[in-house]
Structures are given as C-alpha cells and as structure tokens.
Amino acid sequence: MIALVRYHFATVLHTQRYLAPLLLFTGLMGVLTVNGNGPLPPTYASSAGALFVCATWLTIALMSLDDAAQRAVVVVSAGRSLRVLAGAVVTSLLSCVVLMGFGLFFPLWLGDYRVAPADLLLGVEAQLTCAFVGVGIGVLCSRLVFRRQGYALVAALALVMVLLFTRGLPPVNRLFQVMATASDSAALLGPAGAMLGLAAGVLVVCTAVTQYVASRRE
C-alpha cells in the first residue's frame with residue numbers, strides 16, 4: 001500500500017494535475033474566510049465546503065492519471081485492482097488532510113476569533129466529512145466508471161450541487177445547516193460526528209461500486 005501511495009503521489013506531482021483544484025481551494029478560502037470574526041462554526045463550514053469541491057476535483061484528476069494500458073501494468077504489479085483503487089483513495093485522503101491544516105488555521109491567521117479546543121475539533125469533523133464525501137464522488141465519477149470525461153464532469157457537478165444545496169440532505173448540506181448559525185461548537189460535536197460517520201459510509205459505498213464496475217470491465 002505504501003508503494004502505491006508513493007506511486008500515486010509521484011505521478012500526480014509530476015503531471016501537476018493537483019494545481020487546478022489547489023488553486024480553486026485557496027481561492028475559495030480567500031473569498032469565504034478572510035477577515036472574519038465572531039463564532040467559528042460558520043467559518044469552518046465555509047472552509048469545509050471549499051475542501052469538498054477541491055477533494056472531488058483532485059480525486060477525479062488523480063484517478064484519471066493512468067490510461068488503460070498503464071493501469072493494467074500497475075494492477076499486475078500490485079496483485080489486485082482493489083489495492084490500486086485503495087491506494088488512490090488513501091492518496092486523495094492524505095492530500096485532503098494536508099489541506100485541512102490550511103483550512104483550520106488560515107481563517108485564524110487573518111480573522112479575529114476566540115478559539116477553543118471544541119472549535120478546532122468541530123473544524124476537523126466538518127472538513128473530514130466533506131473530504132470523505134468529495135473523495136467518494138471523485139472515485140465514483142472517475143474514468144473507471146465513466147469512460148467519457150464529459151459525462152464524468154456532468155455527473156460530478158450534479159452530485160456536488162445536489163449535496164451542497166439540497167436543503168437538509170445529509171451529510172453535507174445538513175452539516176452546513178447546523179453550523180451556519182451556531183455559536184457553541186461543543187454542542188455541535190455530536191451531530192457533526194454523526195455526519196462524519198455517514199460520510200465515511202458514503203466513501204465506502206462509492207469505492208465498492210467503483211470497484212465492482214471496474215472489475216467487470218477488466
């Protein structure tokens with residue numbers, strides 16, 4: 001697994017396909033969280049939303065690095081196609097963890113907030129929730145499922161928009177709803193933890209569906 005993660009990281013860094021989603025993430029963070037003040041939950045909802053969009057795009061880019069011939073070589077070297085898919089998922093999640101640090105502390109650097117441990121824990125839960133769902137969508141809308149990239153793009157945009165803007169839909173929109181007007185982060189840790197568990201389930205289901213489709217094609 002470590003070798004697969006290193007392979008995916010090396011490939012995505014060499015091709016520089018991480019640049020566009022990274023620039024989008026930093027741009028959204030700059031627009032949504034600069035010079036804020038007051039309670040932190042709404043700010044962390046904004047940073048989690050930025051990570052959600054970035055995680056989706058980054059995962060699609062990472063999953064589309066290898067053409068069919070190169071993927072066959074990697075699968076043979078790894079022994080199982082599931083290992084290759086799991087390596088790509090882990091690589092995407094590790095990339096999101098790096099961005100989470102920026103999402104947690106960038107607003108604190110440029111804003112005026114009173115920070116408590118519960119605020120930071122809530123920010124971690126919110127960003128992990130959005131990272132899990134974003135990676136899940138990225139895996140499901142990858143080349144392994146959609147051979148035509150135009151269809152993959154439309155499907156990814158549709159899923160992102162539905163999860164972001166369908167009122168009360170868990171885990172993303174529901175999480176943003178409870179964080180949007182809240183001031184007490186400690187009271188939100190339980191609901192946010194429930195959304196995090198649901199998001200992990202979404203990632204597992206999306207990965208399983210993608211593996212099923214890819215294995216039948218291969």
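**Pocket lining and helix packing**

User: How many residues of the lining of the second largest pocket are nonpolar, polar and charged?
Analyst: The model is predicted. In the second largest pocket, which has a volume of about 280 Å³, the lining comprises 14 residues. By class, the residues of this lining divide into 11 nonpolar, 3 polar and no charged.

User: Which helix gives the most to the lining of the second largest pocket?
Analyst: W57, I60, L153, A156 and L157 lie nearest the centre of the pocket. At least two lining residues come from each of α3 (41-63) and α7 (149-165). The helix that gives the most, with 6 residues, is α7.

User: Are α2 and α5 roughly parallel or roughly antiparallel to each other?
Analyst: Helix α2 (residues 19-33) packs with helix α5 (residues 81-110) at an angle of about 20°, and their axes are 11 Å apart. Angles under 35 degrees count as roughly parallel. The two helices, α2 and α5, are therefore roughly parallel.

User: How do the residues of the contact of α2 with α5 divide by class?
Analyst: On the α2 side are L22, F25, T26, M29, G30 and T33, which meet L99, F102, G103, F106 and P107 of α5. These contact residues divide into 7 nonpolar, 4 polar and no charged.

User: Are α3 and α8 roughly parallel or roughly antiparallel?
Analyst: The axes of α3 and α8 lie 8 Å apart, and the packing angle is about 160°. Angles over 145 degrees count as roughly antiparallel. That angle makes the arrangement of α3 and α8 roughly antiparallel.

User: How many nonpolar, polar and charged residues does the contact of α3 with α8 have?
Analyst: From α3, the contact takes P41, P42, Y44, A45, A48, G49 and F52; from α8, it takes V172, F176, M179 and A180. Sorted by class, the contact of α3 with α8 has 10 nonpolar, 1 polar and no charged residues.

User: Is the crossing of α3 and α8 left-handed or right-handed?
Analyst: Handedness can be given for both helix pairs discussed here. α2 passes α5 in a right-handed crossing. The crossing of α3 and α8 is left-handed.

User: Which residues does a cis peptide bond join?
Analyst: P171 is placed in the loop between α7 and α8 (172-180). Omega is about 0° for the cis peptide bond, and the residues joined are P170 and P171.

User: What is phi of Q16 near?
Analyst: Q16 has its place in the loop between α1 (2-15) and α2. Phi of Q16 is positive, in a residue other than glycine, and is near 60°.

Note on methods
Residues are numbered from 1 along each chain as its sequence is written. This is a predicted model: local features need pLDDT of at least 70, side-chain atom pairs count only at pLDDT 80 or more; totals for chains, interfaces and linings use all residues. Side-chain values use heavy atoms; hydrogens and water are left out. Axes are lines fitted to C-alpha atoms, for helices over the stretch in contact, and angles run from 0 to 180 degrees between N-to-C directions. Helices (H or I, at least four residues) and strands (E, at least two) are DSSP runs, numbered from the N terminus. Angles under 35 degrees count as roughly parallel, over 145 as roughly antiparallel, 65 to 115 as roughly perpendicular and the rest as oblique. A crossing is left-handed if the near helix is turned anticlockwise from the far one by less than a right angle, and right-handed if clockwise. Contact means heavy atoms within 4.5 Å. Ala, Val, Leu, Ile, Met, Phe, Trp, Tyr, Cys and Pro count as nonpolar, Asp, Glu, Lys and Arg as charged, and the others, Gly among them, as polar. On a 1 Å grid over the protein atoms alone, a cavity is a set of points where a 1.4 Å probe fits but cannot get out, and a pocket is an open set with protein on both sides within 12 Å along at least five of seven lines; lining residues have an atom within 4 Å of a point. Grid points are joined across faces, edges and corners, and a volume is the space filled by probe spheres set on the points.
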